[in-house]
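Subject: Structure handover

Dear colleague,

Here is the structure that I promised to pass on to you. Please open it beside this message, and then read the notes that follow.

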Amino acid sequence: MSSISYVQTFKRLLIFGSVGVCCVFPTAALADDAKDILKAMSDYLAAQKTMSFHYQSALEAVTPDFEKLQFVSSGTASLTRPDKLRITRTGGFADVDVSFDGSTLTVHGKNLDAYAKIDAKGSVDELLERLVGAGVEAPGADLLSTNVYDLMMSDVTVAKHISSAFVDGVECEYLTFRTPEIDWQIWIQAGAQPIPRRYVITSKHVGQAPQYTLEISDFKSGADVAKVSYNIDIPTSAKKVDLSELQSLDELPAPTDAGEGK
């Protein structure tokens, strides 16, 4: 072995050794307060009558050729409890505006120039429950509920407080949770405003364990929230359709397109 290759090998061993130490250290430093920190976040969010934030999401997909792709979207969310919600999302395959005014859910596919309206009188909590019952998956929607803790802790078998961490330069508490089907991680801002900053869900029984990542920024509450309308101004050119006809509003392209190369 030449001196150069020896040095390179030694450096690699140091790097791998450091990774190994990092993986072991948090377990040794494990605190038993992961559930308490999550509960504090849940209570804080539930106490906010009005809040808004920006977000960026990344949804991973694995092609039949085992190539992992990441589809990134961004948008805004505004919530006034108990029954007002407005969410926008713009990605590579959809430009969506969703509004709930306490009686009607309106979904506007800007890129499709089409919209759907559904009678859904009730609270935001009841709306989210109905969507889940209808099989509509909205990762991260749990964070809008008044009962975040119970929803997120459902099926959790292991909870760990790994360490402190920094997200966008803000100190956070890094927590991990395990369930039989998924593992999820969350970074909660430290201090008096325990808001979620980063949320990662791993489908651990799917090939290559794809993840969904949600990052939250510009969180505001109370008087700091800018005025927002909970009614969408639908263009006169837009066609009214059944919600089932808006399937192409997903964050992912059609499966036949996902693995196609150029």
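Two strands, β1 (50–62) and β11 (211–221), each contribute at least two residues to the lining of the largest cavity, where strands (E, at least two residues) and helices (H or I, at least four) are DSSP runs numbered from the N terminus. Please keep in mind that this is a predicted model, in which local features need pLDDT of at least 70 and side-chain atom pairs count only at pLDDT 80 or more, while totals for chains, interfaces and linings use all residues. Residues are numbered from 1 along each chain as its sequence is written, and side-chain values use heavy atoms, with hydrogens and water left out.

A cavity here is a set of points, on a 1 Å grid over the protein atoms alone, where a 1.4 Å probe fits but cannot get out, and its lining residues have an atom within 4 Å of a point. The count comes to one cavity of 30 Å³ or more, and the largest cavity holds about 40 Å³ of space, a volume being the space filled by probe spheres set on the points, which are joined across faces, edges and corners. Its lining consists of L45, M51, F53, L143, P196, I216 and F219; by class, seven of the lining residues are nonpolar, none is polar and none is charged.

Turning to the sheet, twelve strands form an open sheet with mixed pairing, in the order β7-β8-β9-β10-β11-β1-β2-β3-β4-β5-β6-β12, where two strands pair if DSSP finds at least two bridges between them. The edge strands are β7 and β12 (239–240), each of which pairs on one side only. Strand β7 (residues 158–167) runs antiparallel to β8 (residues 170–178), and nine bridges join them, with A159 having F177 as its bridge partner in β8. These two strands form a hairpin with two residues between them, and D168 in the turn has a positive phi of about 55°.

Finally, there is helix α3 (residues 124–133), whose buried residues are V124, L127 and L128 (buried means under 20% relative accessible area and exposed over 50%, with a 1.4 Å probe and protein chains only). They lie on the same side of α3 because they cover an arc of only 95° around the axis, taken from the directions from the helix axis to the C-beta atoms. These buried residues pack against β2 (68–80), β3 (84–90), β4 (95–100) and β5 (104–109), with contact meaning heavy atoms within 4.5 Å, whereas the face turned away from the buried side carries the exposed residues E129 and G133.

Best wishes

Note on methods
1 Å grid on protein atoms, 1.4 Å probe; cavity = no way out; pocket = protein on both sides within 12 Å on 5 of 7 lines; lining within 4 Å. Nonpolar A, V, L, I, M, F, W, Y, C, P; charged D, E, K, R; others polar.
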